[in-house]
Each structure stands twice: as structure tokens, then as C-alpha cells.
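Visitor: I would like a close look at one part: a sheet and its setting. Please give the cut-offs as you go.

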Amino acid sequence: MPRFSDFASSVQTETAFDVLATARKLKAEGKDVIELEIGDSPFPTATNAAAAGIKAIEEDLCHYGPSIGLPEFRTAASEYVNREYGLQTTAENIVVGPGAKTFEQLFCETFLNPGDGVLVFSPYFPTYPPNIARRGGRMWISDLKQANDFRPNLEDVERFLADDPHPKAIFLNSPHNPTGGVATEEDLRGLADLIRDRDIALFSDEPYDQMVWRGRHHSPLAQPGMMEQCMAAYTFSKSFSMSGWRLGFAVSSAENVGMFAKLINSALSCIPPFVQLAGVAAMRSDCAERDERMAVFRGKVELLVGALNQIDGVSCLMPGGTFYVFPSVAEVCNRLGIASHGLAMYLLEGADEKAGVACLGGECFGEAGHGFLRFSCAESDERLQAAVQFFAEAITRTERVAAYLEQHGHFRLQSPYSV
Ligand SMILES: Cc1ncc(COP(=O)(O)O)c(C=O)c1O
């Protein structure tokens with residue numbers, strides 16, 4: 001039996017998918033689980049996108065296509081980002097991909113050599129570390145703080161550039177999963193000023209570009225010189241409810257985009273043409289529907305934040321963007337002697353025989369997430385309210401918490417969280 005590589009053995013995956021598997025198993029056994037663990041849209045695929053995809057399949061647009069993307073897709077995506085973010089791109093600046101996630105890997109393969117330093121803001125999307133490790137990069141962590149609205153700390157960026165033996169790249173995600181933090185235009189200007197004309201590449205992960213609840217979305221690509229240094233990744237998973245279609249694209253200079261396309265050629269060949277044509281229809285004809293749906297998410301986020309803040313020991317910011325809320329539950333954890341992901345799993349498995357709430361501990365997104373929970377808003381308003389009520393009651397059942405910890409000792413809180 002061949003031994004697995006050190007890299008493969010070291011990979012940590014997205015905990016959301018593990019919790020989802022547990023939640024679905026409990027549901028199949030008859031438990032009423034309110035699912036707030038996964039960042040998926042509860043809406044069906046955007047209407048015109050679905051129709052265009054079906055038509056394209058009927059027309060047998062189901063064969064190989066160019067690795068970089070169909071010309072009509074690249075043109076539509078370029079027009080879309082120009083319209084939405086005031087960029088001045090052409091189709092030459094666009095490369096298609098299977099969602100946003102794959103661009104983490106392509107970015108690292110394009111820019112990193114073993115030993116290069118990569119600044120990552122923590123908490124972070126859990127697939128950043130394995131993609132950085134894939135190229136032998138080193139993570140340099142900067143903590144995002146609730147007191148700073150979870151915005152990136154530019155002093156840390158300066159320190160990284162000055163102190164790291166070989167600084168090479170920065171991962172930025174705004175609006176941010178899991179905290180909902182949004183980098184301001186000043187933050188992006190400051191960041192661009194720090195890296196401009198240096199051998200530093202910026203990965204700007206922008207899946208939540210349409211979920212900004214204060215002001216509007218800004219991409220670092222709009223900053224002077226950033227088209228050459230920044231690769232911004234967009235997806236149809238969130239805005240157009242197309243997570244299972246696996247469609248996204250990246251925007252960067254024509255030279256960078258050409259390199260990403262070369263790597264796509266070597267790994268994926270191409271993205272299915274019928275999927276790209278569904279995406280074209282979404283960007284051209286489904287934006288009004290998109291905006292209505294985003295307004296619904298905003299209402300759900302406000303509802304969840306308001307309800308959570310009623311619970312003693314819970315403190316939750318109204319996120320600047322995304323459909324996640326990220327309350328501090330440090331006081332509750334300290335009181336119960338349970339780690340935050342332990343609390344999340346207790347709500348799902350231990351608090352009640354017949355009902356449960358699925359969510360994630362902040363530490364599933366890195367050390368800085370300890371003491372927080374992440375809830376997504378992908379259920380009905382009534383179910384969101386029910387989830388918060390369930391949470392409020394569950395944390396009063398101290399004997400059940402103790403029994404859960406008896407069975408799951410690894411969730412015991414080792415030392416109290418700072419409050
Ligand atoms: C920050 C972040 N990056 C990337 C992704 C991946 O999205 P996609 O479905 O487009 O691959 C997600 C999805 O949850 C995300 O939250």
C-alpha cells in the first residue's frame with residue numbers, strides 16, 4: 001500500500017462539510033435540525049441562468065471549450081465587473097473557473113515558491129492553508145479583531161513586509177467569511193500603497209461582493225496598479241444561488257490571466273460550456289432578482305443579530321457584509337467550561353434528543369476564531385428565531401452540557417477565553 005504524501009496527510013478540510021454530514025445524518029434519523037452551518041443559498045438557481053443552462057444542454061453545448069473561457073462568457077464577466085465596480089477591464093482580463101475556491105490553488109501555483117511568506121488574516125477561510133502548503137508557502141497570521149469591526153490591520157501588513165524573510169503574497173477576503181467584516185476603501189488604498197510596484201501578489205477573495213450591508217463593495221482591483229498585482233476571484237455560488245453549478249471567474253492583468261489559464265489547462269481542461277452560458281444569462285438578466293434576494297439576506301442577518309444580542313453573555317456585531325453572523329460567546333463558554341466548537345456541536349448533538357441547531361465554532365477558521373460561533377442565515381425567519389431560542393435555552397441546561405463534555409472531553413475549555 002503506497003504511503004500518502006506528507007502534504008495530503010496534513011490537509012485540513014472545511015469543517016462546515018463535516019458538520020453538514022452530521023446534521024444530515026441526524027435529520028435522516030428523525031431529528032429536527034435547524035441548519036445554519038453551511039454558507040449556501042436557500043434560493044433556487046437564478047431564473048434566467050437555469051433556463052439558459054437547460055437550453056445549452058439541449059443544444060449539446062456539452063463538449064470541450066477553451067481553458068480560459070468562452071469568448072461570450074469573458075465579455076459578459078468583463079462588462080459585469082465594469083458595471084458593478086467601476087473597473088475598466090476587457091474580456092482579456094477574465095478567466096473562468098469552477099467557483100472561486102480553485103483560484104486559491106491557481107494563485108499559489110502562479111506566484112509562490114517554497115519558503116515564500118503569505119500574510120493571512122485570521123479567522124480565515126479554511127482552504128487557504130492547504131493551498132498555501134501545496135506550494136510550500138509559510139503562513140504569516142494577522143488577527144482580525146471584533147473591536148476593529150474585523151477590518152484588516154495595515155500595521156500588521158507593514159510588519160509582514162518589513163520582517164518576513166521572504167514576503168510574497170497576501171490573502172484578503174472582503175466581505176469576510178466568517179466574521180462579516182468589510183475592508184473600507186481607505187483600507188484598500190492603504191494596502192495598495194504598501195504593496196505597489198513590489199514583488200507582492202494579492203489574492204482578493206470576493207464571493208460576497210453583492211452582500212454589503214453598509215455602503216457598497218470595493219475591490220482592490222480599482223486601486224492604481226493593482227490589475228497587475230491582484231487576482232480577484234468571484235463566484236456564482238452566493239449572488240446567483242448556483243453553488244452546485246461550480247462557476248466563478250477571476251480578474252487580473254491579461255498576462256496573469258494567461259498563466260492561470262495555462263494551469264487550468266493542465267488540471268481541469270475547461271469549464272463546461274453550458275455552465276458558462278448559464279452564467280452569462282445570470283450576469284445579463286438576473287441582477288434584479290439577485291438584488292431582491294440579497295435584500296432578503298440582509299433582513300435575515302438583522303433578525304439574527306438582534307435576537308442573539310438578547311442572550312446574556314452573547315455579543316454580536318451587525319456584519320458589514322455576508323450572510324454570516326459571528327457572535328462572541330466567550331462568556332457563555334467560560335461559564336460552561338466548553339470550547340466554542342464544542343458549544344456548536346453540543347447544540348447539534350447534545351442539547352436535546354429531538355431538536356438541534358447546526359453551526360460552527362469560530363476556531364474552525366483559525367485560532368483567532370476561538371470564543372465565537374458562526375451562523376449562516378440560510379433558513380426561514382421563523383426557523384432563525386427558533387434557533388436563537390433553542391440556543392438560549394440549551395445553555396441553561398448545565399447538566400446536559402456536563403454530560404456532553406463527559407463524552408467529548410476534547411471540547412473541554414482548557415483556559416478561559418479573554419472577554
Ligand atoms: C471566503 C470564501 N472563499 C471561497 C469560497 C468558495 O466558493 P465557491 O463555491 O465559489 O468555490 C467561499 C464559499 O463559502 C468562501 O466563503
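Guide: What follows starts with the conventions, goes through the sheet and then turns to its setting.

This is a predicted model, in which local features need pLDDT of at least 70 and side-chain atom pairs count only at pLDDT 80 or more, while totals for chains, interfaces and linings use all residues. Residues are numbered from 1 along each chain as its sequence is written, and side-chain values use heavy atoms, with hydrogens and water left out.

The sheet is open and has seven strands in the order β2-β8-β7-β6-β5-β3-β4, with mixed pairing. Strands here are DSSP runs of E with at least two residues, helices are runs of H or I with at least four, and both are numbered from the N terminus. Two strands pair if DSSP finds at least two bridges between them. At the edges stand β2 (94-97) and β4 (138-143), each of which pairs on one side only. Direction ignored, neighbouring strands are turned by 20° against each other on average. Within β8, Gly248 is the bridge partner of Gly97.

Helix α4 lies across β2, β7 (230-235) and β8, and runs at about 65° to β8. Axes are lines fitted to C-alpha atoms, for helices over the stretch in contact, and angles run from 0 to 180 degrees between N-to-C directions. Helix α8 packs on the sheet too, touching β5 and β6 (201-205), and its direction makes about 170° with that of β5. Contact means heavy atoms within 4.5 Å.

Helix α8 also has a helical partner. The axes of α7 (residues 154-163) and α8 come within 10 Å and cross at roughly 10°. That makes α7 roughly parallel to α8, on a scale where angles under 35 degrees count as roughly parallel, over 145 as roughly antiparallel, 65 to 115 as roughly perpendicular and the rest as oblique. Leu154, Val157, Glu158 and Leu161 of α7 meet Asp187, Gly190, Leu191, Leu194 and Ile195 of α8. By class, this contact holds six nonpolar, one polar and two charged residues. For the classes, Ala, Val, Leu, Ile, Met, Phe, Trp, Tyr, Cys and Pro count as nonpolar, Asp, Glu, Lys and Arg as charged, and the others, Gly among them, as polar.

Asp60 has a positive phi of about 60° although it is not a glycine.

Helix α3 (residues 47-58) packs with helix α11 (residues 273-285) at an angle of about 150°, their axes 7 Å apart. That makes α3 roughly antiparallel to α11. The crossing of α3 past α11 is right-handed, a term that applies if the near helix is turned clockwise from the far one by less than a right angle, with anticlockwise being left-handed. From α3 the contact takes Asn48, Ala49, Ala52, Gly53, Ala56 and Ile57, and from α11 Phe274, Leu277, Ala278, Ala281, Ala282 and Ser285. The contact of α3 with α11 has nine nonpolar, three polar and no charged residues.

On the scale of the chain, there are two domains: domain 1 (6-43 + 290-397) and domain 2 (47-285). Their bounds come from an automatic or database domain assignment. The centres of domain 1 and domain 2, taken over C-alpha atoms, are separated by 26 Å. Across the boundary, 37 residues of domain 1 are in contact with 34 residues of domain 2.
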